[in-house]
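Student: I am new to this structure. Could we go through it one question at a time?

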Amino acid sequence: MKQLKTLLIAAALFIGASQTISAQAKVAHINVSDLMTNYPDMKTAQAQVKKIGETYDAQYKTMVSEYQAKLKKYESEAATVTEAINETRSKEMQDMGQRIQQYRENAGKELQQKELDLVKPIMEKARAAIQKVAKTKGYQYVLDSTDGSGVILADGPDLLGDVKKELGFK
């Protein structure tokens, strides 16, 4: 019984202390999605990723066109050549199809990695700017007010303008 009283007193003190602390905490918000969408460095990175993706796509389309042309040629000549040649051609087409599939998979992975390599430093820079602005203005917490982020109401100070200045938006 004595332990229960001690536990209840400790819980009451903890709840009272946490309410006092939270009442003093300064909270702000920022729409990180809006920040990143309008961030010039992010737009540059996205353009680079798009250009690389277009290069991969063009190479893939060239490979598929070559495959289709060979397949059409081989199908039209199939009746006039020997069974051994048809088997060799069939094996060649299977190998070519596998190379095309492998290229497509590798290109997708490389494109994802390139995007990550380009975006990660930009995200880190934005995060550092958000932290710097928040500390400068004395905020202990900064919430992401992007739609769907879990923030129901973002009625406090918005740091978007200050963070844009910190990042050098024009």
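Tutor: A pocket here is an open set of grid points with protein on both sides within 12 Å along at least five of seven lines, and its lining residues have an atom within 4 Å of a point. Keep in mind that the model is predicted.

Student: Which element supplies the largest share of the lining of the largest pocket?

Tutor: The largest pocket has a volume of about 300 Å³, and 14 residues line it. Both α4 and β2 (141-144) give at least two residues each to that lining. The largest share is 6 residues, and it comes from α4.

Student: How many residues of the lining of the largest pocket are nonpolar?

Tutor: Lying nearest the centre of the pocket are Val32, Arg127, Ile130, Gln131 and Val142. Over the lining as a whole, 2 residues are polar and 2 are charged, while the nonpolar ones number 10.

Student: Are α3 and α4 roughly parallel or antiparallel to each other?

Tutor: Helix α3 spans residues 40-77 and helix α4 spans residues 83-137; their axes come within 10 Å and cross at roughly 175 degrees. Angles over 145 degrees count as roughly antiparallel. The two helices, α3 and α4, are therefore roughly antiparallel.

Student: How many residues of the contact of α3 with α4 are charged?

Tutor: The contact of α3 with α4 includes 21 nonpolar residues and 5 polar ones. Its charged residues number 12.

Student: How far apart do the end C-alpha atoms of residues 64-91 lie?

Tutor: An unreviewed UniProt entry annotates residues 64-91 as "coiled-coil region". In the model this span is 82% helix and 0% strand. Its end C-alpha atoms lie apart by 17 Å.

Conventions. Residues are numbered from 1 along each chain as its sequence is written. This is a predicted model: local features need pLDDT of at least 70, side-chain atom pairs count only at pLDDT 80 or more; totals for chains, interfaces and linings use all residues. Side-chain values use heavy atoms; hydrogens and water are left out. UniProt positions are given in the numbering used here, feature names are shortened, and annotations may be inferred rather than shown by experiment. Helices (H or I, at least four residues) and strands (E, at least two) are DSSP runs, numbered from the N terminus. Axes are lines fitted to C-alpha atoms, for helices over the stretch in contact, and angles run from 0 to 180 degrees between N-to-C directions. Angles under 35 degrees count as roughly parallel, over 145 as roughly antiparallel, 65 to 115 as roughly perpendicular and the rest as oblique. Ala, Val, Leu, Ile, Met, Phe, Trp, Tyr, Cys and Pro count as nonpolar, Asp, Glu, Lys and Arg as charged, and the others, Gly among them, as polar. On a 1 Å grid over the protein atoms alone, a cavity is a set of points where a 1.4 Å probe fits but cannot get out, and a pocket is an open set with protein on both sides within 12 Å along at least five of seven lines; lining residues have an atom within 4 Å of a point. Grid points are joined across faces, edges and corners, and a volume is the space filled by probe spheres set on the points.
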